[in-house]
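Subject: Structure handover

Hello,

Here is the structure we discussed. My notes on what turned up in it follow below.

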Amino acid sequence: MFRGSLPAMITPFKDGAVDFEALEAFVEWQISEGSNGLVPVGTTGESPTLSHEEHEQVVEAVVKFAAGRVPVIAGAGSNNTTESIRFMRHAKGVGADAALVVTPYYNKPTQAGLIAHYKALHDACDLPIIIYNIPARSVIDMTPETMGELAKLPGIIGVKDATASMERVSQQRITCGKDFVQLTGEDASALGFVAHGGVGAISVTANVAPKLCSEFQAALAAGDFAKALEYQDRLMPLHIALFIEPGLVGVKYALSRLGKCRNEVRLPLLGATEATAAKVDAAMRHAGLMN
């Protein structure tokens, strides 16, 4: 159910508020372009600066707009276990198919603390959980051994792995089993990730190039690595350019160029600089997304 290209969705804004009209149009475009699922209110969706009410409204809206055509994995992470339970229960209540739960950031729990955190979420709500392991943002790294312990729980079904470590996939196949859903959170390394046993990507670049990212993942799933490499060559400059500044900054600029949303982010982030914008433009032209 959870495989292929799943965009880590932006949250469009208009004059400081969530632009639900643009969000609906964005969902329709993503589905029509072949995205295999939708992942609202992760970091790319500016979850750190959404209020709890906005967070829940966006999840509910995306589920409604998707209307069962593709699965929705709702961002439900927090460094506060009680808060994460709230987000999970809400996502379950509005019909999301799974929750994406980041390892708790800033307060730096131990591996035992990570197990206790995810077990509490698992026991509080029967929504399937995909662990989001991103040491660069959360400061902690969930080890394959810890993930293997959590994989024994029936509701913990997979991982969004943003370590950019290819060997992690194989290590986690040992500790978690071959059916554990491994999705990369690093666009640039998606080709190698699938070769090691992953099944897709929760992708930032798929916001901007959903059709290319979907076709890239389809080629990988078919074992056509030569074709996938051609897509990789087209997409790699975009993967690089979108992350010159925080990923969502480049993505919103790129989407504004495609007429999909306003180039509007919330403080403390700022819009893309002219230098970054020029590099994003060049990468979009290289990928064939604009003239």
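Arg266 lies over the face of Phe13, 4.4 Å from the ring centre. Please keep in mind that this is a predicted model.

Next, the aromatic residues. Searching the whole structure gives one aromatic pair. The pair consists of Phe26 and Trp29, with ring centres 6.0 Å apart; their planes are at 40°, so the pair counts as tilted, since stacked would need under 30 degrees and edge-to-face over 60. Both residues belong to helix H1 (residues 20–32), where they are three residues apart and therefore separated by about one helical turn. An α-helix has 3.6 residues a turn, so residues three or four places apart point the same way. Phe26 is buried, at a relative accessible area of 2%. Trp29 is also buried, at 15%, because the cut-off for buried is under 20%.

The other item is helix H10. The helix covers residues 225–242, which is 18 residues; at 1.5 Å a residue it should span 26 Å, and the 24 Å between its end C-alpha atoms agrees with that. H10 does bend, by about 40° at Leu235, and Pro237 follows within four residues. Leu235 is itself buried, and the buried residues of H10 also include Ala228, Tyr231, His239 and Leu242. Among the elements covering the buried residues of H10 are helix H8 (190–195), helix H9 (210–221), helix H11 (247–257) and helix H12 (274–287).

Regards

Technical notes:
Residues numbered from 1 in each chain as written. Predicted model: local features only at pLDDT ≥ 70, side-chain atom pairs only at ≥ 80, totals over all residues. Heavy atoms only, no water. Helix = DSSP H or I, 4+ residues; strand = E, 2+ residues; numbered from the N terminus. Expected span 1.5 Å × (residues − 1). Bend = angle between axes of the 7 residues up to and from the residue. Buried < 20%, exposed > 50% of the residue type's maximum accessible area, 1.4 Å probe, protein only. Contact = heavy atoms within 4.5 Å. Phe/Tyr/Trp six-rings, centres within 6.5 Å; stacked < 30°, edge-to-face > 60°. Lys NZ or Arg CZ within 6 Å of the ring centre and 35° of its normal.
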